[in-house]
Each structure stands twice: as C-alpha cells, then as structure tokens.
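Open the model in your viewer and keep the selection panel at hand. The stops below go from aromatic rings to strands and then to backbone details.

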Amino acid sequence: MKIKSFLISTIVATSALMLQTSALATTDFWTGSGGANNLFWLSPVNWNPSGIPQAGDTLIFTNAVGLLNSNNIPSGNFAGITFATPSGAFILNGLGVTLANVTDSQVVTPQTINLPITIGSGNLNAAVVANGQVNLNNIISGTGAFTNSGNGIVKLNGNNTFAGPLVIN
C-alpha cells in the first residue's frame, strides 16, 4: 500500500512539474509568414516557434517581413519587445500591451510602436542602441517608472499618464 501511494504521489508531482515547465515564458520570433492579408499576432504562422505568444514571453521582431503588423491579442502581457539586427522599419499597431522592456539593437531604421503600453513589473525599461531610435506613439500608463537605459533615441509621443518617475541613464 505504501509503494502504491508513493507511486501515485510521484506521478502527480511529475505531472505538476511538467505543466509548470510548459507554462514557462519563451522567446517568440516574428516571421510575418501569414502573408500581406494576415499580419496579426494571433496567427500562429507569423511566429517561430509556431504558436500564439503567451503571457511573459519576449517578442522579437527582425528582418523585413510583415513590417506593418497588428496586435490582436487581448490583454497581451509580455516581458518585452525587441527589435533585433537586422531589422526593417517595423510599425506595431493594435491592442494595448503590458511590458517591462523595449529593446532596439539595430541602428539602420527607426522602430515605431503605436500600441498603448501599460508599465508592467513596476518599471518599463527602454534600451536603445546608440544611433537607434524607437518612437512610442501611444499612451504609456501604469504606476511604475519609465527608464531609458540606452544611448539611442526614445521618443515619447503619446499623452502619457504613468505615475512613476522618468529616468534617463
């Protein structure tokens, strides 16, 4: 009886661990493979690995496919958005997101985020490489701070309402 109970406990614990592991945040790369009429974030074919980004994921935008795309994920809560090298001039439109990081690691083209942004995890950090530029064209809200930790340009073009400090490093 003790062995059977031990086995059941082991199976339950292993199953719980597997579920927890599968729910961990990942990195999702925008491919834009949905074509010109399907450049929506809820389309699994637009991401590598194929699937819809989940809460806590980091979204990477690179190359020059699907530059003008739209977030149609309701209540998207992501660790960050990164524009990686090489990268065309992305324009992100659509529903609002909660973010902790915006990163631009390329200098060739300005990046534009037209999404409303809610500051997540207490702070929104913008890290833009020297000579890079990110335009944040919609409202940034939340109670946390906004920090610009890079040497590049971050343009805050929205009617921002975040309550925390603006920190320029």
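**Aromatic pairs**

A search of the whole structure finds 10 aromatic pairs. Rings of Phe, Tyr and Trp (its six-membered ring) pair if their centres lie within 6.5 Å; planes under 30 degrees apart count as stacked, over 60 as edge-to-face and the rest as tilted. Select Trp30 and Trp47 first: their ring centres are 5.1 Å apart and their planes stand at 80°, so this pair is edge-to-face. The two residues come from distant parts of the chain, with Trp30 in strand β1 (residues 27-30) and Trp47 in strand β2 (residues 47-48), 17 residues apart. Helices (H or I, at least four residues) and strands (E, at least two) are DSSP runs, numbered from the N terminus. Both Trp30 and Trp47 are buried, where buried means under 20% relative accessible area, exposed over 50%, and partly exposed in between (1.4 Å probe, protein chains only).

This is a predicted model: local features need pLDDT of at least 70, side-chain atom pairs count only at pLDDT 80 or more, and totals for chains, interfaces and linings use all residues. Residues are numbered from 1 along each chain as its sequence is written, and side-chain values use heavy atoms, with hydrogens and water left out.

Now go to Phe146 and Phe162. Their ring centres are 6.0 Å apart with planes at 35°, so the pair is tilted. Phe146 sits in strand β15 (residues 145-148) and Phe162 in the loop between β16 (153-156) and β17 (166-168), a separation of 16 residues that links distant parts of the chain. Phe146 and Phe162 are both buried.

To finish with the rings, select Trp30, Trp41, Trp47, Phe61, Phe78, Phe83 and Phe90, which ring pairs link into a cluster.

**Strands and sheet**

Switch to a cartoon view. An open sheet of 5 strands runs in the order β4-β7-β10-β13-β16, with parallel pairing; two strands pair if DSSP finds at least two bridges between them. At the edges are β4 (68-71) and β16, each pairing on one side only. Inside this sheet, strand β7 (residues 91-94) and strand β10 (residues 111-113) run parallel and are joined by 2 bridges. Show Leu92, which stands opposite Ile113 in β10.

**Backbone details**

Most residues other than glycine have a negative phi, and most peptide bonds are trans. The next stops depart from this pattern.

- Asn48 and Pro49 are joined by a cis peptide bond with omega about 0°; Pro49 is in the loop between β2 and β3 (58-63).
- The bond from Thr85 to Pro86 is cis, with omega near -5°, and Pro86 is in strand β6.
- Asn63, in strand β3, has a positive phi near 70°. Its relative accessibility is 43%, so Asn63 counts as partly exposed.
- Asn131 has a positive phi of about 75° and lies in the loop between β12 and β13 (133-136). Asn131 is exposed, with a relative accessible area of 69%.
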